[in-house]
Amino acid sequence: MKKLCFVLMLIFAGATASAQAWTGKGDQKINAGLSAWGYGTGITGTYDYGLNQLISVGAGINGYFSNYKDNDDDNRVFVFGRLNFHLKDALQLPEKLDIYPGIDVGVVGRDFGLGAHIGARYFFTERIGVFAEVGNNGSLGVSINL
């Protein structure tokens, strides 16, 4: 209950900030958080760069602590490139919110890795927000505007 109250306080405190979740060309974001499902449970870090109002490209790395692919120790890391399609303008979302479907393509140990996700970012301030991605490679955590 305390966590819920804290999250609600953060949301209301951020309601007056002039944050933008997606600005298009040249926009840069870093995500850091928990990789809670997909190839395993661990930590994740991603970078996204905006090519235009709709598309961003980037890269990421996930390091797994447990439940990694096929329980093979070689599959503890997923290194990938990513492509996202930002729907903020198409769906006429508030400035602080962006929804984006995307794909991840890379390597998991010695194997080919592929992931699809739909994600959302919400910014409380100009620089700090939260993100969540669900799909066969999903995560949640903090998002930083560069």
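View 1. At a relative accessibility of 25%, Y122 is classed as partly exposed. F124, at 14%, falls under the 20% limit and therefore counts as buried. The model shown in this and the following views is a predicted one. Searching the whole structure gives 2 aromatic pairs. In the pair formed by Y122 and F124, the ring centres are 5.4 Å apart and the planes stand at 70 degrees, so the arrangement is edge-to-face. The cut-off that applies here is an angle over 60 degrees.

View 2. The barrel is closed and consists of 8 strands in the order 1-2-3-4-5-6-7-8. Pairing within the barrel is antiparallel. From one strand to the next, the twist averages 25 degrees.

View 3. Strand 2 covers residues 41-50 and strand 3 covers residues 55-66. These two antiparallel strands are joined by 10 bridges and form a hairpin, with 4 residues between them. T46 has G60 of strand 3 as its bridge partner, and Y47 stands opposite A59 of strand 3.

**View 4. Salt bridge between D48 and R121.** The closest N and O atoms of D48 and R121 are 2.5 Å apart, and the two residues form a salt bridge. D48 belongs to strand 2 and R121 to strand 6 (residues 111-123), so the contact ties together parts separated by 73 residues in sequence. Both D48 and R121 are buried.

View 5. E133 and R82 form a salt bridge in which the closest N and O atoms lie 2.8 Å apart. Because E133 is in strand 7 and R82 in strand 4 (residues 77-85), this pair ties together parts that are 51 residues apart in sequence. The relative accessible area of E133 is 3%, so E133 is buried. R82 is likewise buried, at 4%. Through salt bridges that share partners, D48, R82, R121 and E133 are joined into one network.

**View 6. Salt bridge between D27 and K29.** The structure holds 6 salt bridges. One of them links the side chains of D27 and K29, with an N to O distance of 2.7 Å. Both D27 and K29 are buried.

**View 7. Nonpolar surface patch.** At least two residues of the patch come from strand 2, and at least two from strand 8 (138-145). With 40% relative accessibility, I128 is classed as partly exposed; the patch takes residues over 30%.

Methods. Residues numbered from 1 in each chain as written. Predicted model: local features only at pLDDT ≥ 70, side-chain atom pairs only at ≥ 80, totals over all residues. Heavy atoms only, no water. Pairing = 2+ DSSP bridges. Axes fitted to C-alpha atoms, helices over the stretch in contact; angles between N-to-C directions. Buried < 20%, exposed > 50% of the residue type's maximum accessible area, 1.4 Å probe, protein only. Salt bridge = Lys/Arg side-chain N within 4 Å of Asp/Glu carboxyl O. Phe/Tyr/Trp six-rings, centres within 6.5 Å; stacked < 30°, edge-to-face > 60°.
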